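Biologist: Please show me the model, and let us then discuss how two of its chains meet.

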There are 4 protein chains.
Amino acid sequence: MLVIMRDHASKQEVDHVVTRLHEAGAEAHLSDGEVKTIIGVIGDREVIYSLDMEGMPGVEQVIRVLKPYKLVSRDFQPEDTVVTVKGSSIGGGAIAVMAGPCSIESEEQLMRTAEAVKASGATMLRGGAYKPRTSPYAFQGMGEEGLRLLAEAGRVTGLPVVTEVLDVRDAEKVAGYADVLQVGARNMQNFMMLEELGKMQRPILLKRGLSATIEELLSAAEYILKGGNRDVILCERGIRTFETYTRNTLDLAAVAALKQLTHLPVIADPSHATGRRDLVAPMCRAALASGADGLMVEVHIDPEHARCDGPQSLTPDGFARLMSDIEPLVHLDGNRWGLPS
Amino acid sequence: MLVIMRDHASKQEVDHVVTRLHEAGAEAHLSDGEVKTIIGVIGDREVIYSLDMEGMPGVEQVIRVLKPYKLVSRDFQPEDTVVTVKGSSIGGGAIAVMAGPCSIESEEQLMRTAEAVKASGATMLRGGAYKPRTSPYAFQGMGEEGLRLLAEAGRVTGLPVVTEVLDVRDAEKVAGYADVLQVGARNMQNFMMLEELGKMQRPILLKRGLSATIEELLSAAEYILKGGNRDVILCERGIRTFETYTRNTLDLAAVAALKQLTHLPVIADPSHATGRRDLVAPMCRAALASGADGLMVEVHIDPEHARCDGPQSLTPDGFARLMSDIEPLVHLDGNRWGLPS
Amino acid sequence: MLVIMRDHASKQEVDHVVTRLHEAGAEAHLSDGEVKTIIGVIGDREVIYSLDMEGMPGVEQVIRVLKPYKLVSRDFQPEDTVVTVKGSSIGGGAIAVMAGPCSIESEEQLMRTAEAVKASGATMLRGGAYKPRTSPYAFQGMGEEGLRLLAEAGRVTGLPVVTEVLDVRDAEKVAGYADVLQVGARNMQNFMMLEELGKMQRPILLKRGLSATIEELLSAAEYILKGGNRDVILCERGIRTFETYTRNTLDLAAVAALKQLTHLPVIADPSHATGRRDLVAPMCRAALASGADGLMVEVHIDPEHARCDGPQSLTPDGFARLMSDIEPLVHLDGNRWGLPS
Amino acid sequence: MLVIMRDHASKQEVDHVVTRLHEAGAEAHLSDGEVKTIIGVIGDREVIYSLDMEGMPGVEQVIRVLKPYKLVSRDFQPEDTVVTVKGSSIGGGAIAVMAGPCSIESEEQLMRTAEAVKASGATMLRGGAYKPRTSPYAFQGMGEEGLRLLAEAGRVTGLPVVTEVLDVRDAEKVAGYADVLQVGARNMQNFMMLEELGKMQRPILLKRGLSATIEELLSAAEYILKGGNRDVILCERGIRTFETYTRNTLDLAAVAALKQLTHLPVIADPSHATGRRDLVAPMCRAALASGADGLMVEVHIDPEHARCDGPQSLTPDGFARLMSDIEPLVHLDGNRWGLPS
């Protein structure tokens with residue numbers, strides 16, 4: 001931690017800060033300039049993060065140089081985490097494609113989509129049973145019936161299934177049907193849910209919040225790992241910026257940065273990020289080229305009748321074309337499909 | 001709703017859209033230009049919001065001109081909602097100041113702060129028992145013991161108390177101690193929690209999410225009103241932008257806009273928005289001048305030992321000065337303190 | 001400056017940084033932790049800002065704690081700069097209102113507007129002769145003929161006139177007609193223009209760029225002061241964020257922060273910031289309450305026929321109401337109208 | 001254009017809008033709902049963009065569906081523009097890599113860098129002679145002497161050279177030395193400069209502004225094409241968002257979108273976008289995968305002594321590795337290096 005004192009802070013103010021640091025069990029090192037004094041603080045992560053020195057007289061700014069997370073970092077675990085579920089893998093060179101409809105709407109819609117994405121090479125099946133919708137008047141998902149259909153589709157196709165936990169009270173129920181539990185962007189900092197999922201035995205797919213920094217995403221993952229669950233997959237799905245041509249702005253530099261900062265697998269979701277079907281393929285390619293371990297893609301047998309996210313959903317044919325389009329990208333750097341061998 | 005067709009969309013594509021609209025029970029009106037066709041759609045809000053036409057062939061863009069909310073709008077209820085709790089009011093010209101510590105840390109800290117803010121004229125007492133923290137290594141609040149202390153401080157001072165519900169499973173418990181239930185910025189789109197709070201008998205203080213639009217804030221409030229709870233107070237607490245000098249960017253035009261769009265009371269929280277003690281007073285003044293019905297202000301008897309948000313907390317003396325500083329602003333437009341008469 | 005080394009940087013890397021600092025004439029102070037070494041650097045502002053240590057091996061981050069500006073700061077000049085032109089003042093408690101049309105469209109339009117705003121108490125007249133327009137197909141202003149009309153309107157009403165310099169090559173020409181030269185948001189970092197204006201004898205109204213930080217705005221002003229021109233007025237006119245309800249987001253905390261950081265006068269432009277006529281009055285009030293030294297307001301005799309910015313322009317009657325609406329705010333803190341006595 | 005009337009706007013208000021439209025020579029088509037009337041407007045682009053209907057009574061919102069640009073659009077010219085200079089090409093499947101130092105610092109620094117990037121396969125040489133710097137105390141570039149060195153380095157290596165025009169008054173001078181003229185992000189909406197460059201005979205490299213939308217970038221390019229200069233290359237170089245881990249946020253979906261919307265070549269500049277050397281290679285790969293026609297990369301023989309942008313500059317060795325790293329990406333979709341055959 002660095003404590004930067006205001007210009008010409010008094011000796012008394014500096015001494016006061018130093019005393020408080022010593023009381024808390026941290027070491028203080030002074031750099032004393034004509035205009036400014038800066039204090040280098042050395043100590044334990046938990047001590048550092050429990051100190052709130054910004055409120056002290058004479059303090060201009062406090063900069064924490066120790067990261068607010070530990071278990072998720074490459075420093076803590078240099079080798080890639082590989083998450084394997086029902087034989088499908090992600091991480092450590094294994095590439096996953098999670099495909100399926102935004103929302104589960106009927107048995108036929110789901111089954112036909114599931115079979116189509118399986119045929120084209122998807123490694124997991126996605127589908128929403130509980131949908132977070134801005135307006136209370138929009139379709140909210142099929143609920144548990146949707147979960148049941150999803151599990152059935154997983155059984156038939158042999159694909160592991162991913163679905164969102166929207167309510168912490170439903171976590172156990174969802175885990176009864178799904179192989180991977182998704183935390184949506186709006187719940188990335190629902191810390192109570194993160195803690196609950198940290199105690200569970202299912203891999204977690206954690207989506208980046210619309211205005212969450214890379215550090216906040218990693219800190220959210222830290223909550224889950226701290227609870228004991230080491231199988232976390234991170235997902236970049238676009239951040240909110242001033243640009244309105246796309247629904248959000250896909251931040252692929254975040255994918256590349258995450259691959260350096262953490263050992264956890266990282267995927268991208270170009271469907272939600274762009275909100276436009278015709279940008280999904282180029283962004284899938286770009287995501288893989290930036291180092292992503294996988295993709296999440298919305299596919300619907302009949303996008304124009306989709307009850308949500310039609311404009312960004314691929315048809316089964318479009319998905320088949322996508323899969324052959326990304327084929328050369330999957331094999332960059334010696335990577336391979338994360339399929340059961 | 002407006003459906004804007006791509007340049008030179010075919011007659012077939014246009015007809016197809018029109019047919020789908022008719023099937024759904026909506027009316028379609030065509031404007032046919034040389035380059036573009038646009039289709040005006042007239043229909044019921046729920047129908048309009050359940051249609052996802054963007055996925056259809058030839059469609060460039062769909063613009064919803066009916067708002068995604070209804071019960072919260074001024075059109076639905078022109079007169080101001082006034083929320084009254086234990087005799088204190090907010091809305092309809094009654095100005096509230098909710099003051100207290102970011103987190104409840106001890107009986108002494110809370111009691112002394114509560115008495116100080118009461119003495120200076122605060123109309124409600126705030127204090128956090130469950131704290132959402134970015135890092136799992138930071139102080140997470142005192143939990144139920146904090147709630148107990150808060151209720152006691154409310155009893156002693158006669159002030160209604162406000163505190164955050166962090167976990168939907170705790171809503172009933174928190175309601176057992178608190179007069180107003182706060183939904184934090186990170187939970188603004190925790191729709192399950194909004195639905196739960198919609199069924200309760202306590203006023204809700206709903207904070208705007210860090211990257212939530214005005215329309216999304218109103219839609220979130222709509223979830224609560226739709227559930228039957230009409231006592232919602234909105235709170236602008238800063239949005240996330242590129243500017244890092246302040247913690248967030250206080251969007252006071254949103255306060256003024258909300259006062260036009262909705263009948264619900266609107267307050268501002270300059271402490272969280274700016275993150276800087278020395279900007280709290282000017283922003284409190286500005287918020288009232290922009291039309292806010294109240295303020296939320298962090299006060300701590302000893303900010304430099306605060307376990308969270310020290311840098312933005314006022315001392316009791318600072319709060320007393322603030323209260324006299326804002327006095328002329330409170331009485332603009334014939335407004336008055338929302339105190340029991 | 002602080003140099004933060006990567007975790008476990010080698011002694012060699014640290015020594016190398018220290019050597020480079022010494023060579024450059026700066027002092028280095030080490031804080032050596034188990035995980036991290038941080039180096040405090042003390043030296044001259046120009047030396048510090050010419051060093052680019054981020055490129056060195058083992059360096060994680062470089063933080064400049066000396067501000068990149070000097071002449072504009074309160075540390076350099078504690079007392080308020082007061083800019084006076086033709087007897088009208090701004091700064092040091094004198095409040096200015098610059099009103100007039102977005103663009104000058106005809107003699108009649110300008111004259112009638114000028115007389116109306118003068119009658120309601122405006123202290124300066126604004127009007128654009130050269131208009132920066134996103135589309136090359138939009139109206140670009142009347143050019144020099146507009147300048148001539150503006151000067152004439154200034155003469156008739158006795159009001160000082162403000163207008164934008166859009167092209168550095170026109171600076172002298174514009175200065176031949178106008179009392180205050182405006183740098184638009186898009187040119188805030190047109191450093192060549194700033195340098196040119198720094199050599200001129202006219203007060204400069206410098207608008208904050210749409211994505212400029214407070215520090216960048218102050219650094220842009222520093223360019224002008226460094227050239228010798230001390231009469232700079234800063235203007236907050238909204239920043240670009242994800243919120244689209246308003247045209248931009250008026251950042252009033254920036255106004256309050258600027259009043260602390262610099263001695264230069266600071267105004268707000270709620271017309272451009274909000275883009276909505278009905279938000280102009282509340283935001284004018286809020287700006288004054290936040291500490292602004294003045295306002296810029298668009299007024300048009302016939303907004304619905306305005307060739308630009310009609311939706312945010314007030315009618316002369318609307319402006320008269322605004323002026324009485326803000327009257328109590330002008331006199332806060334013992335301030336006064338910046339009118340010739 | 002669509003004019004959306006306020007809820008329950010009066011018949012008089014609607015008629016008034018229609019009359020104004022007819023006067024201006026546009027056609028109006030009404031869609032009349034119970035709550036809302038919307039008016040579809042058909043007419044000429046220039047007429048549409050000169051109308052400012054938002055200011056009219058009863059009007060809620062005006063949506064322009066005709067794009068504000070024409071010459072740059074794929075509708076106007078479906079086939080790719082190929083820019084060729086000294087035998088090097090970009091666009092239409094020809095991939096360019098423009099490499100070199102951020103700023104030209106000395107003959108030796110530039111020559112050695114130029115020879116190194118040429119040896120590794122760069123197709124153009126970049127280097128700044130005039131540097132836009134936030135602080136007036138930072139290094140501002142070598143000026144005309146830098147231009148002279150750049151031209152010399154171009155001659156020796158046979159590479160076309162690219163450099164920034166910072167001041168419209170220098171455009172002719174810079175064109176005397178450089179093959180491609182760059183407009184920096186801060187000048188993207190310096191319309192006077194765009195108009196001047198539209199009259200010149202040199203290809204223009206137009207960088208996206210830090211907070212410019214895709215539509216604004218295209219409109220800026222339209223200024224140049226409207227002046228008669230058809231050789232414009234667009235460059236995505238990162239937009240400003242809340243994320244601070246990277247210097248800016250590289251918006252690769254904008255690259256993919258631009259490739260659909262315009263026939264002009266589009267490149268990406270991962271050096272400026274990320275500000276971090278270790279993210280340059282993954283983002284170069286991702287940019288090509290997203291459809292970019294080229295890259296701009298900063299290379300310095302001695303990054304730690306660079307006078308600007310050291311942290312993001314590659315060494316010659318790093319650049320050589322990058323070039324082999326991107327090789328498979330260059331040849332996607334049948335593309336090829338834009339080298340003289």
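Modeller: The buried residues of H8(A) are Leu252(A), Ala253(A), Ala254(A), Val255(A), Ala256(A), Ala257(A), Leu258(A), Lys259(A) and Leu261(A). This is a predicted model, in which local features need pLDDT of at least 70 and side-chain atom pairs count only at pLDDT 80 or more, while totals for chains, interfaces and linings use all residues. Residues are numbered from 1 along each chain as its sequence is written, and chains are lettered from A and ligands numbered from 1 in the order in which they are written.

Biologist: How many of the residues of H8(A) are buried?

Modeller: A residue is buried if 20 or more other C-beta atoms, placed from the backbone, lie within 10 Å of its own. Helices are DSSP runs of H or I with at least four residues, numbered from the N terminus. H8(A) is mostly covered, and its buried residues number 9 of 10.

Biologist: Which helix gives the largest share of the side of chain A that touches chain D?

Modeller: Residues are in contact if their C-beta atoms, placed from the backbone, lie within 7 Å. The contact takes 32 residues from chain A and 33 residues from chain D. Among the elements giving two or more residues to the side of chain A are helix H8 (252-261) and helix H10 (277-289). The largest share, 7 residues, comes from H10(A).

Notes
Contact = placed C-beta atoms within 7 Å. Buried ≥ 20, exposed ≤ 12 C-beta atoms within 10 Å, placed from the backbone.
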